[in-house]
Amino acid sequence: MKKGRFLTVCLGVMLMALLGGTLAGCSSKNSSADGGDSKKLSIVFYPNESAKDYLTSRNELKAKLEKATGKKVEIKTTTDYNVAIEAISSGKAQLAFMGADGYIKARNLNKAVEPILTESGPDGTFKGASYRSYLMVPEKEADNYKTNGKYSLDKVKGKKISFVSASSTSGYAVPTYEIQKHFKLKNKDSFAESGKFFSKVLYGNSHPGSAVNLLKGDVDIAAFDDIDLTPFLKVTSGNYSDAGSVFTVKDDATAPFVDYRGQKVVNISTLPVQNGPVVANTKALSDKDKKAIQKLFTSKEVSDDPKLFAKDDAKVPALWHKKGDKSQLLKVDDNWYKPTHELIGK
């Protein structure tokens with residue numbers, strides 16, 4: 001683990017101890033540890049899925065977890081990726097809804113952290129079980145990022161950039177790996193701070209937050225994914241996969257995009273990202289509960305529930321995405337995340 005990340009986690013542990021076991025930066029009715037209470041379970045969410053837009057879906061997930069286990073389930077929302085990572089690795093939460101990068105960081109802290117579910121591809125299998133990471137620029141500046149008529153990363157050095165979080169898979173790990181590879185650098189250490197590879201580095205703390213940093217002109221480039229922005233942005237030229245596609249903020253976009261309706265951005269890089277898992281701390285969650293959760297959540301009762309699986313044009317976003325009629329959740333283990341393990345280790 002990099003020194004800066006180690007210090008961040010250590011500070012989180014110290015702060016939780018000072019607060020008597022509560023989750024700093026985490027909001028819930030009761031944030032105390034549940035690991036020793038057999039009648040309770042808790043699930044922690046990243047800042048993206050902690051947003052108000054996902055309230056209906058979070059509550060539906062809570063109801064399904066309670067049905068599967070017969071236990072009271074507490075939702076823990078956060079404003080910081082590291083809080084969620086520490087919560088699941090320490091057992092303060094038994095379950096977590098995470099990205100692949102955050103899961104691997106949590107597992108590096110505690111091998112008891114294991115993935116138990118992930119979203120399938122459109123055909124209901126692991127084929128295409130991925131989403132997209134973008135590097136976006138304002139439409140009026142897009143042509144400046146072309147080399148020999150094609151979009152390129154050649155011009156990103158020295159620019160002002162926004163990432164989501166240093167613990168975000170699609171909002172940091174994947175795009176910085178691509179930049180590292182493009183410039184043939186030994187590591188990614190210079191990307192995290194202003195005045196090194198980039199003239200300015202900001203963190204949005206969520207995918208919408210990173211996008212807003214770009215839309216309001218604080219940065220030249222922003223990293224974020226497609227699934228967290230579909231409630232707010234739509235493709236108005238091109239498609240979700242090809243560089244050079246134009247994304248426009250929807251006319252009915254809600255906060256934090258109200259002031260940016262109609263603004264356009266262009267993706268200069270699009271990269272695939274493994275779907276994130278639902279993870280369990282297997283020292284804090286019984287094997288019986290884990291199997292009960294996997295059984296219910298891999299059934300059609302969940303995959304056919306629009307509050308949990310929503311299409312891209314749905315008015316209310318859901319935690320998972322109905323990319324095809326066979327979209328569902330699949331049982332998963334650490335072996336499936338080997339590609340992301342390898343990417344993060346570089």
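At what angle do the axes of helix 2 and helix 7 cross, and within what distance do they come? The axes of helix 2 (residues 55-69) and helix 7 (residues 287-297) cross at roughly 125° and come within 8 Å.

## Basis of the report

The model is predicted: local features need pLDDT of at least 70, side-chain atom pairs count only at pLDDT 80 or more, and totals for chains, interfaces and linings use all residues. Residues are numbered from 1 along each chain as its sequence is written, and side-chain values use heavy atoms, with hydrogens and water left out.

## The chain as a whole

The protein chain has nine helices and 18 strands; helices (H or I, at least four residues) and strands (E, at least two) are DSSP runs numbered from the N terminus. Of the 346 residues in the protein chain, 53% are buried, where buried means under 20% relative accessible area, exposed over 50%, and partly exposed in between (1.4 Å probe, protein chains only).

The protein chain exposes about 15600 Å², and carbon and sulfur atoms supply 51% of that area. Accessible areas come from the Shrake-Rupley method with a 1.4 Å probe; for residues, only the protein chains shown count as cover. Among contacts (heavy atoms within 4.5 Å) between residues at least 6 apart in sequence, 71% join residues at least 24 apart.

Two packed helices are described by the angle between their axes and the distance between the axes. Axes are lines fitted to C-alpha atoms, for helices over the stretch in contact, and angles run from 0 to 180 degrees between N-to-C directions.

The axes of helix 2 and helix 7 cross at roughly 125°, which makes helix 2 oblique to helix 7. Angles under 35 degrees count as roughly parallel, over 145 as roughly antiparallel, 65 to 115 as roughly perpendicular and the rest as oblique. On the helix 2 side, the contact is made by Leu61, Lys64, Leu65, Lys67, Ala68 and Thr69; helix 7 contributes Asp289, Ala292, Ile293, Leu296 and Phe297. By class, this contact of helix 2 with helix 7 has seven nonpolar, one polar and three charged residues. Here Ala, Val, Leu, Ile, Met, Phe, Trp, Tyr, Cys and Pro count as nonpolar, Asp, Glu, Lys and Arg as charged, and the others, Gly among them, as polar.

## Helix 3 and helix 4

Helix 3 (residues 81-90) packs with helix 4 (residues 100-109) at an angle of about 45°, and their axes are 9 Å apart. Helix 3 and helix 4 are therefore oblique to each other. In this pair, Ile85, Glu86, Ile88 and Ser89 of helix 3 meet Gly102, Lys105, Ala106 and Leu109 of helix 4. The contact of helix 3 with helix 4 comprises four nonpolar, two polar and two charged residues.

## Glutamate 114

Glutamate 114 lies in strand 5 (residues 113-119) and is partly exposed, with a relative accessible area of 28%. Leaving aside neighbours within four places in sequence, glutamate 114 is in contact with Tyr103, Arg107, Val278, Val279, Ala280, Thr282 and Lys290.

## Backbone features in loops

The peptide bond from alanine 255 to proline 256 is cis, with omega near 10°. Proline 256 is placed in the loop between strand 13 (246-249) and strand 14 (264-274).

Lysine 184 is not a glycine, yet has a positive phi of about 55°. Lysine 184 is found in the loop between helix 5 (169-182) and strand 10 (200-203), and counts as exposed at 75% relative accessibility. Asparagine 205, in the loop between strand 10 and helix 6 (207-215), has a positive phi near 70°. Asparagine 205 is partly exposed, with a relative accessible area of 40%.
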